[in-house]
Amino acid sequence: MVFKSGQNDKKIKSKTSEEKGIWSKAIVPMSEWNDKDEFLDVIYWSRQVLGILIGVVMGLIPLKGFVALALFALVNSGVVYLYSNNFQKIDEEVYGGMWEVIKEGFMTSFACFLVTWIIFYTGTHFDSLTIDEMN
C-alpha cells in the first residue's frame, strides 16, 4: 500500500501549529482573540481539565453531598470568571455577556467532575464505607 503525502500533511501541520498558537495565547495575559470561537474552545477544554482536577481533590478529601457539588460550581465558575475577566480582560459583550462565557462547557465539566469524584472517593475511602455499613 502506498500513501501519498500532500495536502493532507499540510492541513495536519497547519492545524497543529494553529492549536499551539491558541494555547500559547491562552497563557499570555490580555491576548487578542480574533476568532471568538478560539477563546470559547480554550474555556471549554480548560474547564474539562479543571473539572477532573477538582474531582480528584474532592475525592481524596472526603467531601460529599451538597457541599461538594456547591463547592465545585463555585470554584469552576469562579476560575473561569477570573480568567476571562481579570487575566484575559475580554470584552464580554462580544461573547454575549459574561453569563455566556461562564456557562460554556459547564455541564460537560460537571460530568467529568462527577465521574472522577466518584471513582476517587470510592477507591480511596472504600474500606471506611464497608466498615460503616457492617456496624
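Q: Why is Met 30 called exposed?
A: Exposed means over 50% relative accessible area, buried under 20%, and partly exposed in between (1.4 Å probe, protein chains only). Met 30 has 54%, so it counts as exposed.

Q: What is the phi of Met 30, and where does the residue lie?
A: Phi of Met 30 is near 55°, a positive value in a residue other than glycine. Met 30 lies in the loop between H1 and H2; helices here are DSSP runs (H or I, at least four residues), numbered from the N terminus.

Q: How far can these values be taken?
A: This is a predicted model, so local features need pLDDT of at least 70, side-chain atom pairs count only at pLDDT 80 or more, and totals for chains, interfaces and linings use all residues. Residues are numbered from 1 along each chain as its sequence is written, and side-chain values use heavy atoms, with hydrogens and water left out.

Q: What makes a set of residues a nonpolar core, and how many residues does the largest one have?
A: The set must be buried Ala, Val, Leu, Ile, Met, Phe, Trp, Tyr and Cys residues joined through side-chain atoms within 4.5 Å. The largest has 14 residues, and Trp 33, Phe 39 and Ile 43 are among those with the most contacts inside it. Helices H1 (7-26), H2 (36-60), H3 (66-87) and H4 (98-103) each supply at least two residues, with the largest share, 4 residues, coming from H2.

Q: Which residues does Ile 43 touch?
A: Leaving out residues up to four places away in sequence, Ile 43 touches Val 80, Tyr 83, Val 101 and Glu 104; contact means heavy atoms within 4.5 Å.
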